[in-house]
Structure formats: structure tokens, C-alpha cells
Amino acid sequence: TQPGVIVVGGGFAGASCARALKRLDRDLAVTLIEPEAAYLACPFSNAVLAGLRGIEAQTFGYDQFGDVALIRKRAVAVDAERRRVRLEDGADIGYTRLVLAPGVDLRFDALPGYDEAAAAIMPHAWKAGAQTLLLRDQLAAMPDGGVVILSAPPNPFRCPPGPYERASLIAHYLKTSKPRSKLIILDAKDAFSKQRLFEAAWQEIYPGLIEWVPLSSGGRVTEVDPATRTLVTEFGDHKADVANVIPPQRAGGIAQSAGVADQTGWCPIDPVTFESRLQPAIHVIGDAAIGGAMPKSAFSANAQAKACAAAVAALVRERPPVQPKLINTCYSLVAPGYGISIAGVYQPRDGLLAEVEGAGGTSPLEAPRSVRELEAAYAEDWFRTITSEVFG
Ligand code: FAD
């Protein structure tokens, strides 16, 4: 085939980028490599856990991709020198430029006791799908009076407010269905996204139900024992009835094998073009990239994808890329009809994506319930809009 642009990974980043490239330049050959027949979206998957939503509302197909050539295979290797991608079936295809958007790998080597087999007992549910349903079913089967433990990873990780939105919605489920139960968050950090908003809401809506144990109070989990559902910290052992272990993460495997990830496990990029700092003609977007001040979110992935597509479309036609400005907003549900958000604007500065001072912010700390209700509705609108832009 004629070399063109290959995009690996059909998530919020890769799917957005493939379609944006085709929109920008109809004559460009664009190929999207994605092994799964359907995409399972993580945003709103915490509502699935809490029984507020079905998994089908999270599921999207690839049948609207028009002129983007779809290859339903896994990419297994990249030859950066010869500019070729190898697929799982041994086929190998050439590219002019390659965009890698593989998302994250959960690190099954970072937390003693937590490997893939342990995840079948202590689900992470940090990739939506079977893991989400497993955690939902464990919560549903737990007797009233049980203890749920959620362990939150150190920075950086996919979706900084995600563990705390999850804690909130699990608390909603416990409060309404199993009111004698308790939720403990064991955290590897001393601070988290939208913390004051979450903590104020927890005090108001779930008094005494959620206990957050920060790093400095012994919150960091150092080992797990799936056989007894025990989480070990430097300050002692915690036994759970349901354990949700969110382990440390790194860029998806193909980024590691392509040589675009550094010793941190994530991929350094040029903030204007998203081209790898380590390999020429390979761009990295979404969760896998080192996004500077940008959080790892679906909103960021989509924004980076469009900026990267513009840069790649310019570079293949030997035109100079333009300086991008990117936006992110992360909504979290604290309860049904109770939403909070954080927003930011980002631009290249000193080789990284830096926050534009004064351009972002969070929901007000003091606000009437009607504001929280509006934000919960905005969250739903955002999800509907982004998924129809990316997959619809
Ligand atoms: P992904 O969405 O993971 O997509 C990666 C794709 O690449 C996958 O389809 C995978 O199959 C494919 N792939 C991987 N390796 C290969 C390979 N070798 N060959 C071919 N294909 C490959 N973000 C928000 O903005 N708002 C939210 O409210 C929000 N809530 C969240 C809640 C939870 C519980 C979680 C876990 C995350 C949440 N996020 C949210 C974060 C969001 O899901 C991620 O930031 C986003 O999915 C990143 O997109 P991505 O395309 O980089 O990776």
C-alpha cells in the first residue's frame, strides 16, 4: 500500500486523530489499527459500578469511520528506522508518519501480589468492560455492613479525579442499598484533584461513610494478598470485603516496544506536534504521552488528537505546524444529579504543555444544589457530544 499516516489505538485519542486527519486532508491515506470490535468508554463507567447505568451505554462501534482504513489487529512492533508497523498476524505496513495512541497498561509488576490473576479477585476496573462488571457484581453481592477498600495510585495516572468520583458513587450505592457498610480509600498521595469539593460533598451527603487515608497517614498500599483480600500498608493490614486496587500505570506496551517511552514509562513529546522526543516521525497522544500540565483524560486525549492531526497534516505536506491551544474539562459525579468540574487551558511553553495562568478553575466551593444539578447535566451532555464526535 501507499505510505500514509497510521494511527495505532482506536480510543478517544486515536479514533479522534484518525477522523480529524481525514477531515483535514481527504487525499491523505489514513489507517487505524485497533484490535477490538467495540470500544468501552471509561467516562461514566463509575456510574455502571454503582448500578446507575448499563454497560451498553459505554459501548461504541467503529462502523462510522468512512474513508479511514480500519485494521482489526493488534500492532506488536514498530521499526522506527524503516518506518513500518508489524501486526500480530505478521503483516507489516509502512507509514510516512505514525501516531501511537495505545492508552495505558496497568503495571502488574509494581505492587507485590498484584498481578493479572489478582485482578480477577481484586478488580482494578481502570479499563472499562469485564473489570467494571466484576467490581459491580462484587459490590452487589457484598452483605450490608461490609468494608469496601479502594486503593488509589501515585501520580501520574489515568483520570486524576476518577478514584474519588468512584468512591463517591460507591458511597451512593452503599448509602441507598447497604447503609451499614463503609468505604476506605487508601491513597499513595497526600492531595488529589478537586479535593476540597469532594471532601465538602462527602461530609454533606455521606457523613461517616468514606474514610480517606492519605500517604502521610499510612495510605500507601505496599503489598496485597488476594487470597485473604488483604491490603498491606506501612501502618498495618486492612482486610476488605470488596477490594478495588488501582495499580500504578504506564504507557501502553506498543509505546514501550517502539522505543518512545522513557524510564518513567511514559512518552516525552514535542508539545507543538506531539512528535516523540525519542523517535522521529512517531507522534504520541492521549494517556500514553507526557502531557505536561494536562491531565490524562478523554477530553485531553480528544484535544491532543485534533492538535496532533493538524500538525501531522501540515508536516506531510511540508508546511510548518501551528502552535496549538488545548482545553480540558473533567466532570465528576458525586451523586446522581450532583456534578463538579475542573477546567484548564494549555499551550506549549519551555518544551512542555503548560497551563495558561488564570484561564481555568474548578466549580465554586459554596454553591446551591441547583449549580451541582446543572453540572451533572453538563457532564451527560459532554459525554454524549464527545462520543458522537469520536465514534458517531
Ligand atoms: P484508551 O481510551 O485506553 O484507548 C486506547 C486504545 O488503543 C484502546 O482501544 C486499545 O484497544 C488500543 N490499543 C492498545 N494497544 C494497542 C496495540 N498494540 N495495537 C492496536 N491498538 C491498541 N476522562 C474524561 O475526560 N472524563 C471523565 O469523566 C473520565 N472518567 C473516567 C473514569 C474512569 C473510571 C477511568 C478509568 C477513566 C476516566 N477518564 C475520563 C479517562 C479516559 O478514559 C482516558 O483518559 C482516555 O480513555 C484516554 O484515551 P486514549 O485514547 O489515550 O486511551
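Student: At its relative accessibility, does serine 16 count as buried or exposed?
Tutor: This is a predicted model with residues numbered from 1 along each chain as its sequence is written. Local features need pLDDT of at least 70 and side-chain atom pairs pLDDT 80 or more, while totals for chains, interfaces and linings use all residues, and side-chain values use heavy atoms, without hydrogens and water. Buried means under 20% relative accessible area, exposed over 50%, and partly exposed in between, taken with a 1.4 Å probe and protein chains only. Since serine 16 has 4% relative accessibility, this residue counts as buried.

Student: Which backbone oxygen does the side chain of serine 16 reach?
Tutor: A polar contact is a pair of N or O atoms within 3.5 Å; within protein, one must be able to donate a hydrogen and the other to accept it, and residues adjacent in sequence count only if both atoms are side-chain atoms. At 2.4 Å, the side chain of serine 16 reaches the backbone oxygen of phenylalanine 12.

Student: How far is a backbone N or O atom of phenylalanine 12 from an oxygen atom of the ligand?
Tutor: For tyrosine 39, a polar side-chain atom lies 2.5 Å from an oxygen atom of the ligand. For phenylalanine 12, the backbone N or O atom lies at 3.2 Å.

Student: Which element gives the largest share of the shell around the ligand?
Tutor: The ligand is surrounded by 34 residues, where near means that a heavy atom of the residue lies within 4 Å. Helices (H or I, at least four residues) and strands (E, at least two) are DSSP runs, numbered from the N terminus. The largest share, 3 residues, comes from α8.
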